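Below are some notes for a colleague who is opening this model for the first time. They go through a few strands, a turn, a helix and a pocket.

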Amino acid sequence: METFFCLLGCSNSILCAFNNFVCFHRREMGSTPNAGVLSAQLQNTLIGYHNIYIDGWRVAKKTKDVTVWRKASEEFSGFLYKVEGVVEENPNRIIDYIRPGPYRLKWDSLLTSMEIVKIFDEPGCCCLMRYTTAGQLWNIIAPREFIDFSYTTDYQSGLLSCGVSVEYSERQHSFVRGFNHPCGWFCVPAEANKAHSLLTGYIQTDLRGMVPQSAVDTAMASGLTNFFSDLRKALVV
């Protein structure tokens with residue numbers, strides 16, 4: 001438990017915990033992961049990201065109602081992205097549309113398929129999912145496949161839905177296998193209007209394969225603002 005608690009402290013403690021976390025979740029998965037252990041590590045890693053002071057971030061893209069920041073990832077050679085905006089809906093309904101389930105594939109323009117591989121009998125909502133994404137930037141970034149452990153739990157007066165990729169033995173050979181380092185979405189009632197919600201996401205995706213870093217940066221920043229746009233339109237229905 002010491003590793004989990006140090007995530008709530010200073011950035012040096014966070015870095016120590018990140019290194020321990022990488023050693024755990026990157027191992028080859030011949031079978032499904034230990035959901036109880038992985039969900040606890042994942043939740044506390046995301047809380048660690050959420051406690052990083054704003055001066056640790058650099059603005060990557062900004063629209064009138066969404067801001068995307070980035071900083072060097074401690075997990076791999078790319079970036080950890082943070083995105084934030086207000087959504088006119090309550091946290092429960094928003095997270096229902098974000099987490100694996102019947103809604104996500106219908107509105108998320110980046111996803112092309114989604115399959116729940118396993119549901120775990122653990123507190124909170126835990127599952128192992130396989131999904132594929134469309135090509136981006138005129139197919140400079142080819143379609144990708146991901147195998148993610150997903151976990152949703154209460155957070156303050158709202159919810160946290162988070163995930164991380166696991167190395168899973170079954171692969172679709174027509175896709176490049178990408179890897180999501182710890183990522184997630186915090187959704188809590190907005191202070192200015194409790195009928196609205198503040199949605200904050202943390203994403204760090206290793207697309208793997210031969211992709212120019214400039215293409216990855218463009219795709220990530222644009223993809224996150226488009227995510228908010230697609231989500232807001234879906235919630236109006």
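This is a predicted model: local features need pLDDT of at least 70, side-chain atom pairs count only at pLDDT 80 or more; totals for chains, interfaces and linings use all residues.

Two strands pair if DSSP finds at least two bridges between them.

1. Burial of strand 8. Is strand 8 largely enclosed or open? Of its 8 residues, 8 are buried, so the rest of the structure largely encloses this strand.

2. The turn at Gln156. The hairpin of strand 7 and strand 8 has 2 residues between the strands, and Gln156 takes a positive phi near 50° there. Most residues other than glycine have a negative phi. Gln156 is not a glycine, yet its phi is positive, at about 50°. Is Gln156 buried or exposed? The cut-off for exposed is over 50% relative accessible area, and Gln156 counts as exposed because its relative accessibility is 67%.

3. Helix 4. In this helix, residues 91-98, the buried residues include Pro91, Ile94, Ile95, Tyr97 and Ile98. These five lie on the same side of helix 4, because they cover an arc of only 155° around the axis. At the start of the helix, Asn90 has a side-chain oxygen within 3.1 Å of the backbone nitrogen of Asn92.

4. The largest pocket. Its volume is about 860 Å³. It is lined by 43 residues, and those closest to its centre are Arg104, Asp108, Leu110, Tyr131 and Phe227. Strand 7, strand 8 and strand 12 are among the elements that give two or more residues to the lining, along with strand 5 (111-120), strand 6 (125-133) and helix 6 (213-236).

5. Make-up of the lining. Which element gives the largest share of the lining of the largest pocket? Helix 6 does, with 10 residues. By residue type, the lining of this pocket divides into 23 nonpolar, 14 polar and 6 charged residues.

Notes
Residues are numbered from 1 along each chain as its sequence is written. Side-chain values use heavy atoms; hydrogens and water are left out. Buried means under 20% relative accessible area, exposed over 50%, partly exposed in between (1.4 Å probe, protein chains only). Helices (H or I, at least four residues) and strands (E, at least two) are DSSP runs, numbered from the N terminus. The arc is that of the directions from the helix axis to the C-beta atoms. A polar contact is a pair of N or O atoms within 3.5 Å; within protein, one must be able to donate a hydrogen and the other to accept it, and residues adjacent in sequence count only if both atoms are side-chain atoms. On a 1 Å grid over the protein atoms alone, a cavity is a set of points where a 1.4 Å probe fits but cannot get out, and a pocket is an open set with protein on both sides within 12 Å along at least five of seven lines; lining residues have an atom within 4 Å of a point. Grid points are joined across faces, edges and corners, and a volume is the space filled by probe spheres set on the points. Ala, Val, Leu, Ile, Met, Phe, Trp, Tyr, Cys and Pro count as nonpolar, Asp, Glu, Lys and Arg as charged, and the others, Gly among them, as polar.
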